[in-house]
Structure formats: structure tokens, C-alpha cells
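Please read the points beside the coordinates.

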Amino acid sequence: MSKLDQVLVLDPPSDLRFKGPFTDVVTTNLKLKNPSDRSVCFKVKTTAPRRYCVRPNSGVIDPGAAVNISVMLQPFDYDPNEKSKHKFMVQTIFAPPHVSDMDALWKDAKPDDLMDSKLRCVFELPSENDKVNDVEATKAAPVMNSVKGDLTAAAAPDDTEMKKVQEKCKRLQAEMNKLVEENRQLKEDGVRMRKVPGSDHMTSNSSSLLGREATTASLPSLLVVIAAIFIGFFLGKFIL
């Protein structure tokens, strides 16, 4: 009986490419897709298990579903003259209706029921353009972070100052409304007193009330000027 063809679709299909430098962990991704109408068990093997970390390295893929596998190459001293002999194999088998013990499934599997695909590892060093871009990105990152920090720090005081200005404007408006009401009351009192004939004492009181009326009437205008100057100062501060 001939060996079964691989039922899963692999992406990439034949090569796992790792792009250096290899002074840190380098990760590449492998996608397994199940186009069949049956669940498929998979297992990922490698010829260099100490050099790689694979997550997940086994599992079950439902019909029509897919799984992404991360293959992490551990740091090592790369020699461009040394040809990579590392290989991976994706081994699969159709899952039985009720699978619970995966180890027993693989242990008892018949060779004719197994399907496999092999991939070779390819190591690539970054080009000169990639190196320049990486350096520029590394240099730009702290600057961008610094600018973001400055903008964040600058935004907070502006909000605080704006709230203070709004509160002061509300207080000034309340005081102005109060003075306007007092001014209106004094005008009404003055009109009533002018309509009532009386002695010199009444005339004196009337003159006094009218003087207070004139003084009070001038206060709202003064407060309006002060409020305008105050608001203009803070708005100018925010704009500049």
C-alpha cells in the first residue's frame, strides 16, 4: 500500500527562512491549514531539537481550520560558509472520532496511516539596506518616545490651567450677575424716591443712593474689562 499524501496545506511549503543577525532569538511562522472534512492530528519534529523551540508542536486541526506555529531559533554563532543541515518534518494522521490520549495515538499509528511533509531551514543575513533601516529605526524610537512624553507632559498642565480659567470665569460671571441685580434694585429705589416729594433729608438720601447707584453701575464694566484681560492672557498662553 502506497504512503498517503499530506492532507494539510503548509505555508511556506518547503523552506523555513530565518533572518539574522542570530545574536538573539529569531522567529519564523509556519501555517497549517486543513482543507479536508475530517479532523487531523499533527506533530512537528526537527533534526536539531536543542536549537529550536516550537509552539505549538502538536495538536488537532478541525475541518476547514488552520493553526499558526511559531518556530524560534535560539541564538548561535553564525558562519556564512557553513551550510545549514537542519530540517523539519510535519507529521499528520486523521484523528479518530474520540481522541483523548495523543501519545497513545502516535505510538499505535500504522506507518501507512501517517502523512508527512519535510522543510529545510534557510539562514539569511540582513542586507546593507536592512541594516541601515534598522539603525535608523533604533535611533528614531527614543526620539519619538521622548516627543510623546513631552506632549503628554505638556497636555496635562494645559488642561489644568483651562479648568482654572473656566472656574474663575464662572466666579466672575456670578459676581457680575449679582452686581447687575443690585444695580437694578438701586435704580428702582432711586426712581421711587424721585417720585415721592420730601424734605432736604430725603433729597440727601436720594443723592446718596444715586451716588451708590452710579458707583455700582461702573463696577460691572470694570469687572468685564478685568475678566477680558484675564481670559486673553490665558488664551494667549495656550495658543503660544
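Burial terms first: buried means under 20% relative accessible area, exposed means over 50%, and partly exposed lies in between (1.4 Å probe, protein chains only). The model is predicted, so local features need pLDDT of at least 70, side-chain atom pairs count only at pLDDT 80 or more, and totals for chains, interfaces and linings use all residues. Residues are numbered from 1 along each chain as its sequence is written, and side-chain values use heavy atoms, with hydrogens and water left out.

1. Salt bridges. The whole structure holds three salt bridges. The criterion is a side-chain nitrogen of Lys or Arg within 4 Å of a carboxyl oxygen of Asp or Glu.

2. Asp15 and its partners. Asp15 pairs with Arg17 at 3.7 Å, N to O. Asp15 also bridges to Arg120, with the closest N and O atoms 3.1 Å apart. This second pair links distant parts of the chain: Asp15 sits in strand β2 (residues 15-19) and Arg120 in strand β9 (residues 115-124), 105 residues apart. Strands here are DSSP runs (E, at least two residues), numbered from the N terminus. Asp15 counts as buried because its relative accessibility is 16%. Arg120 is partly exposed, at 44%.

3. Glu124 and Arg17. These side chains form a salt bridge at 2.7 Å, N to O. Glu124 lies in strand β9 and Arg17 in strand β2, so the pair ties together parts 107 residues apart in sequence. Glu124 counts as partly exposed, at 27% relative accessibility. Arg17 is likewise partly exposed, at 43%.

4. Which residues make up the network? Salt bridges with shared partners join Asp15, Arg17, Arg120 and Glu124 into one network.

5. Positive patch. Lys83, Lys85, Lys87 and Lys118 gather on the surface in a patch of positive charge. Patch members have over 30% relative accessible area and no salt bridge; like charges are joined within 9 Å. Lys and Arg count as positive, and the place of a Lys charge is taken as NZ. Lys83 lies in the loop between β7 (66-73) and β8 (87-94). Its relative accessibility is 69%, so Lys83 counts as exposed.

6. Cysteines. Cys41 counts as buried, at 0% relative accessibility. Cys121 is also buried, at 3%.

Key
Patch = residues over 30% accessible without salt bridge, like charges linked within 9 Å, V, L, I, M, F, W, Y side chains within 5 Å. Areas by Shrake-Rupley, 256 points an atom, 1.4 Å probe, with all protein chains shown as cover. Helix = DSSP H or I, 4+ residues; strand = E, 2+ residues; numbered from the N terminus.
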